Amino acid sequence: MGWIDKLNTAVARTAAGRWFRLEGSGARVERAGSKFSVELRAGLTIFVAMAYIISTNALILTDSGGTCDCDRERFGATCENDPAYTSCLQVMKLDMITATCAIACMACMLMGLLANLPIALAPGMGLNAYFAYTVVGYHGTGKISYENALAAVCIEGIIFFVLSVLGIRQWFARLIPASLKTATGTGIGIYLAFIGLQSSAGIGLITASSSTLVELGGCPPEYRDENNVCTSHHMEGGPTWLGVMGLVLIGTMLLYRLKGAILIGILIVAIISWPRPTSVTYFPYTQAGNESFDFFKKVVTFHPIKTTLAQFHWDVSSGEFWIALITFLYVDILDCTGTMFSMAKFGGYMNERTQDFEGSSLAFLVDSVSITIGSVFGSSPVTAFIESGAGIAEGGRTGITTIVTGIMFFIALFFAPIFASFPPWATGPALIIVGSMMMQNVTQINWRYIGDALPAFVTIIMIPFGYSIGYGLIAGIGSFVAINSFAFIVFKLSRGRIKPPNFDDRDDWVGFITQGGIKDNIPGWMKWVAGKRHKSLDTNNLNSSTASELADTELKQITVDSHKE
């Protein structure tokens, strides 16, 4: 037994090992294959895969203008020519780097400690763009202010918290048909790979096209126009070929089951990209490159938040405020739900009978609390990150993985210049690899029955093409309801005489709802209320002591059931 095995065994036998259900801990339900050393590596992998959010989130939210303002009659609607406004934006960018690290640190630590899941949280991509460019508008040109938008995010978190405490949020999430949950994981895999192929967060192999939307890219940055379209020199960009090399390198290491393959590949490509006088450098001799390199050279720095902390404006009278709030609610709940269920499926935590996963209630509670915390720091909504799949692929099975990720975000508060400088072509190969791994779920979809297969396919294609997990789920659920409702109504009206030829091949979602599954998904407080009401009707013929004993027995049973869940 090597020293790593001895370490794994020693940690597993501690109280912490039992809390996180490590293999060999003696916990009531151990997580198969979970080892302390593997959890550490998985946590590092998730952090490196999502470290881009540190600088990316800061850049996007800074475009909203934040609390900065100017004389717009003098300098124009976007204040582009106001030196004081520009300086304020620089301060806000540093504020948001600190805020992003702090939010991700707290959210990941809470998820790991309470829910014991290897699912990382941070300010979500997509929602931050909607916040900055649609709600607040570029440099504050939208219909509501930055402070008012933060109030909407805060209220969203509070609403989610109430729904999670009552069990309603997770109850509705579990009722999504099994075929769509499986399809969501597959769609997220394609979505991850699509992101990894692009230039903004990937290797740049795919770029925009004015005629076909996307096309083969790979050109150097100087040969792209303002719309990021390659004008010439396709497949001649050094960073793209370095990213392809990283993809082959990680794939080869995985072929031989080398531990830490994804993390090693990311680090090798990143280190190659840091020296300046090369064709693959992350710091070209441009204004943006010089600014990034100056920040990189600081290595260690800490910037206290100065402009974005607790900047709320509680004006709820505007119709635009409510539009923003409702959009945040439905997009975030579907994004987060789809990601969590897909990661749970990928990690092997799903209960096929109840279509639920371990720690779901606490996971949703942590998500809602994190959204509110994020708004206090001045950020758009926090959500679960699909890059968690990289850690799960490395073997992460418990909350230790996300605690390590949270610790790394804490370290990044002081080493942000380093961790914000991982180039997209270093992390892109990891996203492509994880996407390929998540495709294995596609075989579990019920392809025999079109009422299950078509909505699942719509979900799969709409997630990457709509560039949103939430929109993909909306399309899938809508098509599922439309197709199957018609078939169900005709079946009932004809008393079973008219039905599709292979009607018996369907996933019996109605059976799940009306028989076993729904009973396991009813929130505990609903069981308690229904039980108390039932007893009050029956205790008229019983003495008070007997009624009390029955009520106590029922409450104990509910407590046991809730603990089992």
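**Figure 1. Contact between helices H4 and H7.** In this predicted model, Asn57, Ile60 and Leu61 of H4 touch Asn128, Ala129, Phe131, Ala132 and Tyr133 of H7. Sorted by class, the residues of this contact are 6 nonpolar and 2 polar, with no charged residue. H4 covers residues 52-62 and H7 covers residues 127-135; their axes are 8 Å apart and the packing angle is about 20°. Angles under 35 degrees count as roughly parallel, so H4 is roughly parallel to H7.

**Figure 2. Contact between helices H11 and H12.** Two packed helices are described by the angle between their axes and by the distance between those axes. For H11 and H12 (residues 261-273), the angle is about 155° and the axes lie 9 Å apart. Angles over 145 degrees count as roughly antiparallel, so H11 is roughly antiparallel to H12. The crossing of H11 past H12 is right-handed. On the H11 side, the contact is made by Leu242, Met245, Gly246, Leu249, Ile250, Met253 and Leu254. On the H12 side, the residues are Ala261, Ile262, Ile264, Gly265, Ile266, Ile268, Val269, Ile272 and Ser273. The contact of H11 with H12 holds 13 nonpolar and 3 polar residues, and no charged ones.

**Figure 3. Contact between helices H11 and H19.** H11 (residues 238-255) also packs against H19 (residues 424-438): the axes come within 8 Å and cross at roughly 45°. This angle makes H11 oblique to H19. H11 passes H19 in a right-handed crossing. H11 contributes Pro239, Leu242, Gly243, Gly246, Leu247, Ile250, Gly251 and Leu254 to the contact. From H19 come Trp425, Pro429, Ala430, Ile432, Ile433 and Met437. No charged residue takes part in the contact of H11 with H19, which has 11 nonpolar and 3 polar residues.

Figure 4. Rolling a probe the size of a water molecule over the atoms shows where empty space is left. Searching the whole structure gives 1 cavity of 30 Å³ or more. The largest cavity holds about 40 Å³ of space. Its lining consists of Ala173, Ile176, Lys181, Thr184, Thr337, Gly338, Phe341 and Leu473. Two or more lining residues come from each of helix H10 (178-197) and helix H14 (319-347). H14 gives the largest share of the lining, 3 residues. By class, the lining of the largest cavity has 4 nonpolar residues, 3 polar residues and 1 charged residue.

Definitions and conventions. Residues are numbered from 1 along each chain as its sequence is written. This is a predicted model: local features need pLDDT of at least 70, side-chain atom pairs count only at pLDDT 80 or more; totals for chains, interfaces and linings use all residues. Side-chain values use heavy atoms; hydrogens and water are left out. On a 1 Å grid over the protein atoms alone, a cavity is a set of points where a 1.4 Å probe fits but cannot get out, and a pocket is an open set with protein on both sides within 12 Å along at least five of seven lines; lining residues have an atom within 4 Å of a point. Grid points are joined across faces, edges and corners, and a volume is the space filled by probe spheres set on the points. Helices (H or I, at least four residues) and strands (E, at least two) are DSSP runs, numbered from the N terminus. Ala, Val, Leu, Ile, Met, Phe, Trp, Tyr, Cys and Pro count as nonpolar, Asp, Glu, Lys and Arg as charged, and the others, Gly among them, as polar. Axes are lines fitted to C-alpha atoms, for helices over the stretch in contact, and angles run from 0 to 180 degrees between N-to-C directions. Angles under 35 degrees count as roughly parallel, over 145 as roughly antiparallel, 65 to 115 as roughly perpendicular and the rest as oblique. A crossing is left-handed if the near helix is turned anticlockwise from the far one by less than a right angle, and right-handed if clockwise. Contact means heavy atoms within 4.5 Å.
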